[in-house]
Amino acid sequence: MEGMEPGVRGEWWAKPVETCTGLGFWPAVRLSSPLIWYKWNEREMTYHTYVTKINSIFDGYRPYNPDIYKHCYEGYKSNESDKICFFNLETLGRCYEPQYGYDTQMPCVYLTLNQVYRWEPRCYAWDTLPSNFPEYLKEYISEKHSKETESNHVWVSCTGVHEADSQHMGDISFHPYPGFPAEFYPYLHQDGYMSPLVAIKFNNPALDMLISVRCQAWAHNIEQDVEKGGSVEFQLMIGSKSKKKRSYPRMKDTDESGETRPRGNLSVTQPEIGKSWL
């Protein structure tokens, strides 16, 4: 039946392939949680779980083989219809360097469009951009892309869920750039298929703050809704403070003579309460 193809899952199972793709992010260590949370201070470095997760995903990306792959960047259209697009991890720049920024409090988060069988994007041309299309993304497209390539991408924007989140996010950069080339689609269960990636690098995020981020994929047939998958929300929190030890009053025991003697100091490690609780 139409719209009932492999790759369409869950509540979208009976939804037309035309509109059922969604935006995803990683590293997500816990599938049920959108939170990326680690500690970075002189006592604790807990980011290694995220680095391991990223490594495991990158291991699934294959090296270039001219017998299988073709290049699909900046609107380049190959006539080799029997080959699939190659995604070069080196184009991720600083988000492909060891530790991926997690060791310097400048972490990278990776976006990808869900693999939905037969789905193809209907990309915006410059004169069809919606009224709520981000201005900074318009400026980027007009400066960096030609008329030919601007309509050949699923563009991506990211912002804070609330105004305070946008302030705490600090500056972000996209690698290789804020868009997925349309040439990578449709996904047809090809052997060796690699989903294109967009990496977001947080260059100076606020520490010890919970930052909620929303990213949106832009195309005519991608819905602008978190519940429907066209956008995705995640949270970032980098703890810089060590846990403090609280000393409690000296407690006393009574000996056989009825006199009291000190029991000793009790020290219990507890997190601080409030915004800086890591």
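Arg118 lies in the loop between strand S5 and helix H2 (135-144), with helices (H or I, at least four residues) and strands (E, at least two) taken as DSSP runs numbered from the N terminus. Although not a glycine, Arg118 has a positive phi of about 75°. Its relative accessible area of 37% makes Arg118 partly exposed; buried means under 20% relative accessible area, exposed over 50%, and partly exposed in between, with a 1.4 Å probe and protein chains only.

This is a predicted model, in which local features need pLDDT of at least 70, side-chain atom pairs count only at pLDDT 80 or more, and totals for chains, interfaces and linings use all residues. Residues are numbered from 1 along each chain as its sequence is written, and side-chain values use heavy atoms, leaving out hydrogens and water.

Asp208, also not a glycine, has a positive phi of about 60°. Asp208 is found in the loop between S9 and strand S10 (211-218) and, at 5% relative accessibility, counts as buried.

I turn to the cis peptide bonds. One joins Trp26 and Pro27, with omega about 15°; Pro27 is in the loop between strand S1 (23-26) and strand S2 (35-39). Another joins Tyr185 and Pro186, with omega about 10°, and Pro186 sits in the loop between strand S8 (179-181) and strand S9 (198-202).

Finally, the interior. A nonpolar core is a set of buried Ala, Val, Leu, Ile, Met, Phe, Trp, Tyr and Cys residues joined through side-chain atoms within 4.5 Å. In the largest, of 58 residues, Tyr102, Tyr110 and Leu111 touch the most other members. Strand S5 (residues 108-113) gives this core its largest share, 5 residues. Apart from it lies another core of 8 residues, including Trp155 and Trp218.
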